[in-house]
Amino acid sequence: QVQVVESGGGLVQPGGSLRLSCAASRSAFSILAMGWYRQAPGQQRELVASIIRGGATNYADSVKGRFTISRDNAMSTVYLQMNSLKPEDTAVYYCNVQIVSLGGKTDYWGQGTQVTVSS
């Protein structure tokens, strides 16, 4: 079992910044990709940003130029720097870790962290 632990959510005013962190309890050798998803009330969960083992990143159009995904040197912790936050960024943010093993690929999720952008 892989533990995925998120931190860093909170309340911020429009235009402000937050940094989310996500740590996976697994060696980076078995991690294919890590990413952040979000789900607002009444909406489907959507991809915000992801980073694969090789380092390539992918962003939702709505956050390009404002959010940056990065990882630590051990490549088992991923960060999401969120700048110029807007009220529409309000959601529960979930970290996703994709692990490869002899059984194939498996997705693990964190418990979610609330991000609220409001004045």
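A residue is called buried when its relative accessible area is under 20%, exposed when that area is over 50%, and partly exposed in between, using a 1.4 Å probe and protein chains only. By this definition Ala 60 is buried, because its relative accessible area is 17%. This is a predicted model, in which local features need pLDDT of at least 70 and side-chain atom pairs count only at pLDDT 80 or more, while totals for chains, interfaces and linings use all residues. Residues are numbered from 1 along each chain as its sequence is written, and side-chain values use heavy atoms, with hydrogens and water left out.

**Strands and the nonpolar core**

- Strands (E, at least two residues) and helices (H or I, at least four residues) are DSSP runs numbered from the N terminus, and two strands pair if DSSP finds at least two bridges between them.
- Strand β7 (residues 67-71) and strand β8 (residues 77-82) pair in the antiparallel sense over 5 bridges, and Phe 67 stands opposite Met 82 in β8.
- These two strands, β7 and β8, form a hairpin with 5 residues between them, and Met 75 in the turn has a positive phi of about 60°.
- A nonpolar core is a set of buried Ala, Val, Leu, Ile, Met, Phe, Trp, Tyr and Cys residues joined through side-chain atoms within 4.5 Å; the largest one here has 31 residues, of which Trp 36, Leu 80, Met 82 and Tyr 93 touch the most other members.
- Two or more residues of this core come from each of β3 (18-24), β4, β5 (46-52), β7, β8, β9 (91-101) and β11, with β9 giving the most, namely 5 residues.

**Aromatic rings and charges**

- Rings of Phe, Tyr and Trp (its six-membered ring) pair if their centres lie within 6.5 Å, and planes under 30 degrees apart count as stacked, over 60 as edge-to-face and the rest as tilted.
- The structure holds 1 aromatic pair, formed by Tyr 37 and Trp 109, which is edge-to-face at 5.0 Å centre to centre with 70° between the planes.
- Because Tyr 37 lies in strand β4 (residues 31-39) and Trp 109 in strand β10 (residues 104-109), the pair ties together parts that are 72 residues apart in sequence.
- Tyr 37 is partly exposed at 23% relative accessibility, and Trp 109 is partly exposed at 37%.
- A charge sits over a ring if NZ of Lys or CZ of Arg is within 6 Å of the ring centre and within 35 degrees of the ring normal; Arg 45 lies over the face of Trp 109 at 4.7 Å from the ring centre, and Arg 19 lies over the face of Tyr 79 at 4.1 Å.

- Ala 60 is found in the loop between β6 (57-59) and β7, and, not counting residues up to four places away in sequence, Ala 60 touches Leu 47 and Val 48, where contact means heavy atoms within 4.5 Å.
- Asp 89, in the loop between β8 and β9, is buried with a relative accessible area of 1%.
- The side chain of Asp 89 makes a polar contact with the side chain of Arg 38 at 3.0 Å; such a contact is a pair of N or O atoms within 3.5 Å, where within protein one must be able to donate a hydrogen and the other to accept it, and residues adjacent in sequence count only if both atoms are side-chain atoms.
- Thr 113, in strand β11 (residues 113-117), is buried at 11% relative accessibility, and the side chain of Thr 113 reaches the backbone nitrogen of Gly 9 at 3.2 Å.
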